[in-house]
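Open the model in your viewer and keep the sequence panel beside it, so that each selection can be followed in both.

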Amino acid sequence: MSRLWRRPALLIAITAVLMLTAGLAVGWVAGTSAPGNDSVEAGFARDMQTHHQQAVEMAMYEWANGSDTAMRTIAYDIATTQSTEIGMYRTWLRDWGVELSSGEPMAWAGDEHAHDSAETGGLMPGMATDEQMEEFKSLTGAEADVMFADLMIAHHVGGVDMARAALDRTDNELVETAARRTISNQQSEIENLENHRDNILNAVEE
């Protein structure tokens, strides 16, 4: 087995440690009234776990199969950061004593968002379809780099929308802080992804 194919396994181990660390470090503040099972906060945490899981899956494939160093670095950062946040959200849900998963994505965000999710087969904003994921995982090199950027830009736009919806509906300090961080980080990553994608496309055209 080549060194390249051993490295994703190492990344999985690293991210697992990060998730555990986040789970231990970011808990619910003692003495604060915990959100209920049907709350905006619980719904947001559940859906962001699912949203992040697809981002990690895409990022790890790009890291193992892309060819552009800058794009693969972005993918590595996304995989590690969002794996850590998955652990954070899971810890919140456990500390709040609510269900870890939900059956109706975006229900917490109101009828409009829930309706949109139903029309897209239960996908949350920005998430890639099964067909898109299958196509992406058939690519390598520059083609994988470009499709990764396109999919992740859309994914981040959706994540930012979800974070803004949460900010509009919560006064929970933990959720507000996480949502603002998501908006800031993912907007910055969108810009980086766009710039590096354009560089790759320009290099191919030359």
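Select glutamate 189 and display what surrounds it: apart from neighbours within four places in sequence, glutamate 189 is in contact with Ile78 and His156, where contact means heavy atoms within 4.5 Å. Glutamate 189 belongs to helix α7, residues 173–205; helices (H or I, at least four residues) and strands (E, at least two) are DSSP runs, numbered from the N terminus.

This is a predicted model, in which local features need pLDDT of at least 70 and side-chain atom pairs count only at pLDDT 80 or more, while totals for chains, interfaces and linings use all residues. Residues are numbered from 1 along each chain as its sequence is written, and side-chain values use heavy atoms, with hydrogens and water left out.

A salt bridge is a side-chain nitrogen of Lys or Arg within 4 Å of a carboxyl oxygen of Asp or Glu.

**Helix α3 against α7**

Now select helix α3, residues 69–96, together with α7: their axes come within 11 Å and cross at roughly 165°. Axes are lines fitted to C-alpha atoms, for helices over the stretch in contact, and angles run from 0 to 180 degrees between N-to-C directions. The two helices are therefore roughly antiparallel to each other; angles under 35 degrees count as roughly parallel, over 145 as roughly antiparallel, 65 to 115 as roughly perpendicular and the rest as oblique. The crossing of α3 and α7 is left-handed, a term used if the near helix is turned anticlockwise from the far one by less than a right angle, with right-handed used if clockwise. Among the residues that make this contact are Ile74, Ile78 and Glu85 of α3 and Arg181, Glu189 and His196 of α7.

Glutamate 85 is buried, with a relative accessible area of 8%, whereas arginine 181 counts as partly exposed at 30% relative accessibility.

**Alanine 45**

From glutamate 85, go to alanine 45, which is 40 residues away in sequence and 9.8 Å away in space, C-alpha to C-alpha. Alanine 45 lies in helix α2, residues 40–65, and counts as buried at 0% relative accessibility. Not counting residues up to four places away in sequence, alanine 45 touches Tyr89, Trp92 and Leu93.

**Helix α3 against α6**

Select α3 again, this time with α6: the axes of these helices come within 11 Å and cross at roughly 40°, and α3 and α6 are therefore oblique to each other. Here Met71, Ala75, Ile78 and Gln82 in α3 meet Asp145, Phe148, Ala149, Met152 and His156 in α6.

**Other salt bridges**

How many salt bridges does a search of the whole structure find? It finds four. One of them joins the side chains of lysine 137 and glutamate 57, at 2.3 Å from N to O. Lysine 137 lies in the loop between α5 (130–136) and α6 (141–169) and glutamate 57 in helix α2, so this pair ties together parts that are 80 residues apart in sequence.

Next, select aspartate 150 and arginine 197, whose side chains meet in a salt bridge of 2.9 Å, N to O. Aspartate 150 lies in helix α6 and arginine 197 in helix α7, so the pair ties together parts 47 residues apart in sequence. Salt bridges that share partners join Asp150, Arg197 and Asp198 into one network.

**Last stops**

Move to methionine 106, in the loop between α3 and α4 (111–119). Its phi is near 70°, a positive value in a residue other than glycine, and methionine 106 is buried, with a relative accessible area of 1%.

Finally, view the whole protein, whose secondary structure comes to seven helices and zero strands, and in which buried residues make up 47% of the 206 residues.

Methods:
Buried < 20%, exposed > 50% of the residue type's maximum accessible area, 1.4 Å probe, protein only.
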